[in-house]
Every structure is written in C-alpha cells, then in structure tokens.
Amino acid sequence: MIPAVVVFLYLGVVLTIGLFAGRASARKRDAEDYFLAGRSLGPAVFLLSLFGANMTAFSILGASGHAFANGIVTYGLMASSSALIIPLSLFVVGTRLWALGKRHGFITPVQMFRDRWECGHIGTVIFAVQAVLLVPYIVIAVIGGGTTLRAVSGGLVPFWLGGAIVSMVVMAYVFFGGMRGTAWVNAFQTVLFLSFGTIAVAVIAAGMGGFRQAIEAMLAAPSTAPLLTRERVSPWYFFSYTFIPLSSIAFPHIGIFCLTARRLAHFRRTVVLYPICMLAIWLPSVFLGVIANRAVDVPAIAAKLEARTTLAAEGPALPSGRRDELRARAAGDDVILALVQGYAPLWLTALLGASVMAAVMASDSQILALSTMFTEDVVAFYLGARRARDALLVQTGRLFVVALTVVAYLIALSVPQSIFDIATQYAFAGYSALSPLLVAALFWKGSTRWGALAAAVWTAAAVLAVAVLQSVVPAPPPGAAVAVLTIGGVEVVTRAASGAQVLGLLPVVPMTLISALLMVMVSRWTPASRPGAATLARYF
Amino acid sequence: MAAVLMVAALYALHQDFWFWRAARPLVFGFLPIGLFYHAAYTLAIALLMWVLVRTHWPAHLDPAAHE
C-alpha cells in the first residue's frame, strides 16, 4: 500500500507544479506563452525537460526488458547510438529551428515548412502524417498509467480508474500550465529518473550479494553467456539501429521544444550533457535487465526464465497460441519491478513506482504538441491571421487537450495494447523517414514542396505497409525468419521474432534512405516550384 | 571538415566488431567489456560535443550577435 501512497503523492506534486506554472504565466496569456512558454526556458529546465520529453516508458521498463532477453547489446542498439545522433541533431538542426522560430515567429515545424516551401495544403498533409504517428504514444501512456496504478495498489485501483486518474492529472497541468507547466513537470521527472538508476543499482547489488559472482555464473552457463556479448546479433542489424534516433528531432514535440529556449546558448550545455544523462539512465537499466537473468530466487523472474527455456526447447513444435502465451510470460518489461520488489526495501519500490509513473506520463509533451499543431497548423492557418486571435487560439488549444485526452482514454479502454505496441514500434521509423524534410528545408536551397510531399506520402505508406505485414504474418520462433518477399533467390523482406526486416536490416533504413532519395529526385524534377528569392533569402 | 571527420570517426567507432564476441575482461570485476566500451563511447560523445560547441558553435544564428 505504501508504494501506492507514494505514487499518489507524486501525482499530487506534479499537479501542483503544473498549476503553479500556469499561475506563473497567468499575466501573459498569448499563444506564444501558452504553447512555447514565451520562448523563455532557462538552461537547466531546457536541458532537463528536453531530455524528459525524449524519455518514454521505454527508457526504464522497455530497456531493462529488452536487455533481459537480449543482453548487453541493448545499450549499443538504443543508448549509445541515441547519445550520438540526438545531441548532434540538436546541434545542427535544433539551433537553426530555434533561430528561425525566433526570427519569424514560428510555433510549429509545419509553419516553417509552409513558409520555406511556399505551400499550404502540403503542410496540412505533413501535419496529418505527424499527428497520426503521434497518437499511439498518447494511448500507450494512458494504458501504462492504468496498469502501473493497478500494480502498485495491489489491484485496489482498477485499470479504468487508474487510467482515468493519470489522464486527468496530465490533462490538468497541460490545460492550465501549457508548455511552462509541461516543461517544469518534465524537468522534475528527469531528476527523478536520474536519481533512481544509481540508487537501484547500489541497493540491488547489495541484495544480490554483489554483481561479480552473478556475472561469473552467467558466463559459466551456456544459456546466459551469450547475453554478455553481441554474438546473437548481426553487425548489419546493429548498424541499422543507428537510424532510429534520427526520429528524435523529427518528432513534433521535440521540434517544438527546441523553440522554447530563451537563448541560443542554452543549446550548448544541452548537447554536451545529453550523452551523460543517457549514460546515467540507460547503463543501470540495461545492466539490471541483464543481471536479472541470475535472480532465480525472485519467483516472478524464475517464472519468466522457465517460460523462456520452454520456448527455446519446444518453440518450433508448439502451436502458435501456446507460443504467444509463453512469449508473453517470458517478456521482461516488468523485470526491473520484480528485481526491486525482490531485493530492495519498500521505500525504493515506492520510488520506482513514482519513476515508472513519470515515464508513462511523458505523453504530456506529446499531447501539448498535438494541441499546438492542431491549433496553429489547422485552425489558425485556415481561419487566417485576422480572425485567429491569441485568446481564441489558447482556448482552442485547451479544448483540444481535453478532447484528445478523452478520446485517448476511451481508445485505451477498448483496443488491445498489442495494436499500439506495433504502432509505436513503427512510428519511430516513420519519424526517422520524415527527418530528410527538416534537413532539406534548412540546408538545401533546391528542395521543393513536391519533394516534401513525396517524402511525407512515402513515409505514411511505408509505416502502414510494415505495420500490416507485422500483424498479418505471425512471429516465428526466436532465431527463425520467415521469407515474405524473395527476388532472384534473395530474401528481401523477412519476418523475424523481433519484427520485419529488409535485407537483414530494420525497415527504418530503407524507409529513411528512400524518403531522402524521393526528396532529392522529386525536387530536381520540379525546379519551377522552388521558392522565390525573397523566401530563400530568409533561410540561407 | 575536421568536425565532419571527427563525427564520422565516432559514428564508425559505434560499430565495435572487435569486442563483438568477447565478454572478458570484466571491467571493475563485473562489467563486460562490450558494455564498458559503449559506456566509455558515450562519454567520448560528450567530449566531442564539448569540442564542437567550442570550435564550431553557430554563433551567427544568435540574434544577440546582430544587435
């Protein structure tokens, strides 16, 4: 019961922070203040909130779950590649976005695209693609909130009520606090993440009697020794993961966050400290996920290991329903919770509950981003500058926040989570495939709106195709791959247990490369659509 | 050009095939070498970012520079 009390206390704290932020901006209620915190965030809040907006439930739970099943490769696949690409994209793209936003008053990336390529409805298409890719994250957060509250309260708070409580809290501080409230809450949540990792490692190490023996035992066992190397992953597959972090800067909520810094200099500290924050959160998460393979005295983990052993020994012979059931039992998303419950005192379990809640509530910036985009890119654009006054835009944004929260909650109650797991898995690839739009807009004079449209439509079609393939072709047993498309004896598209692959690479690689190619080729075919000299002079 | 080369070199170093199949040595007695390499790699990125910020900062983008 104590963890549930701490989590409710935590929800009260974030609500207070959000409402306080709303009061802090009450004197100045224009759209720029509500959607961008008046472009006034200081260096510490900018770093912590930008980092927090990038961290989702995946960072703590998913990372350790992936490491539990796949070993140390998880860190190289997801953390060290992001630690390079994300700060680099903030350095190269984020600083330019900030400068253009400051100079021309842009609030969303689509406003910049419309101005840069002198287009209207093509901007709406880009908005639609971005919006559709963002919605699953918001639904997943509601599901995560309901599941976590149910777990930490020992079933006392049912899923529907937990989801409703979390949704209401997020909605309230986004509604009243806007970007300032969201940024302050994100900064607080990031501090919580950063403190949890180190404490958890120290306490669990003490509980397990040190990590040395556990690692030596893992190395001695043929089933666990490969988890301490990367021998089960091909170098090409490993390489293809470096394309995923390109999605970060193309996510609308990250692009919008780039516009909130008070000064360009705030990016300096952010790009230097970002990799260190990644290390502080991901290294403990991954290491604990790996070491959980030796925590056989924790019943919940022993059950997972048993399911994994059965799957490995009898997998191909089992009916697919039984295989899916075993796969679900062996899944490690809650392995860090089990570790903490097995070895840590109650107060740390409570702190973890709050950290998990912080992770699933990272949807706040996505809700605000979607509301900002809808208000600025659709309502303000189609109403026209004369009729779209600040007060109207802020009220529209707030109404959208409420409507979006209600819809996400209702969807979360009625649609299975697995559908959204698939959607979020490929939304990352979709945003990576949208990154050539930003690069072309900011760095290539020759790019045109038709090139941008081609890249956006390709992204939507490719995400849809991969998601359909993923759900229609059942996952084979681990280690096997089913050929879906073979050309000239070469297996071009395959379905492995971890998902669809193209020539052994993640789909994100061809999706991003083809998107960039379309941007270049279609722009070259449509030179007459290049913007006028006055527009280009504003950018180059 | 030097900045591009530095970034390209670090990007290439992510693909550390030399530690692909090795777990030993265990750094500090418990950290497999492949994981330690990538943790150190992350710190090297922070160092590279510090160098880039000091040597290639896009100061021309700052409106304060034009005032």
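In this predicted model, T494(A) stands opposite Q501(A) in strand β3(A). That pair belongs to a hairpin in chain A, where β2(A) connects to β3(A) through 2 residues.

**The hairpin of chain A**

- Strand β2 (residues 490-496) and strand β3 (residues 499-502) of chain A run antiparallel and are joined by 4 bridges.
- The link from β2(A) to β3(A) takes 2 residues.

**Helix α5 of chain A**

- Helix α5 of chain A covers residues 73-104, 32 residues in total.
- From first to last C-alpha, α5(A) reaches 44 Å, which is close to the 46 Å expected at 1.5 Å a residue.
- The helix α5(A) has a bend of about 40° at F91(A).
- Because 26 of its 32 residues are buried, α5(A) is largely enclosed by the rest of the structure.

**Build of chain B**

- Chain B contains 3 helices and 0 strands, in the order α-α-α along the sequence.
- The radius of gyration of chain B is 17 Å, whereas the globule rule gives 11 Å for 67 residues; chain B is therefore more spread out than a compact globule.
- The C-alpha trace of chain B spans about 55 × 25 × 10 Å along its principal axes.
- Buried residues make up 22% of the 67 residues in chain B.
- Helix α1(B) has 12 residues, which should span 16 Å at 1.5 Å a residue, and this agrees with the 16 Å between its end C-alpha atoms.

**Contact between the chains**

- In the contact between the chains, 32 residues of chain B meet 39 residues of chain A.
- On the side of chain B that touches chain A, α1 (2-13) and α2 (33-55) of chain B each supply at least two residues.
- The most is given by α2(B), with 13 residues on that side of chain B.
- By residue class, the side of chain B that touches chain A has 24 nonpolar, 6 polar and 2 charged residues.

**Backbone details in loops**

- In chain B, the peptide bond joining R24(B) and P25(B) is cis, with omega of about 0°.
- P25(B) is placed in the loop between α1 and α2 of chain B.
- The loop between α1 and α2 of chain B also holds F28(B), a residue that has a positive phi of about 60° although it is not a glycine.
- F28(B) counts as exposed because it has 9 C-beta neighbours inside 10 Å, and the cut-off for exposed is 12 or fewer.
- In chain A, the residue A37(A) has a phi near 55°, a positive value in a residue other than glycine.
- A37(A) sits in the loop between α2 (31-36) and α3 (43-54) of chain A.
- A37(A) counts as buried because it has 28 C-beta neighbours inside 10 Å, and the cut-off for buried is 20 or more.

Definitions and conventions
Residues are numbered from 1 along each chain as its sequence is written. Chains are lettered from A and ligands numbered from 1 in the order in which they are written. This is a predicted model: local features need pLDDT of at least 70, side-chain atom pairs count only at pLDDT 80 or more; totals for chains, interfaces and linings use all residues. The radius of gyration is taken over C-alpha atoms; the globule rule is 2.2 Å times the number of residues to the power 0.38. Two residues are in contact if their C-beta atoms, placed from the backbone, lie within 7 Å. Ala, Val, Leu, Ile, Met, Phe, Trp, Tyr, Cys and Pro count as nonpolar, Asp, Glu, Lys and Arg as charged, and the others, Gly among them, as polar. Two strands pair if DSSP finds at least two bridges between them. The expected span of a helix is 1.5 Å times one less than its number of residues. The bend at a residue is the angle between axes fitted to the seven residues ending there and the seven starting there.
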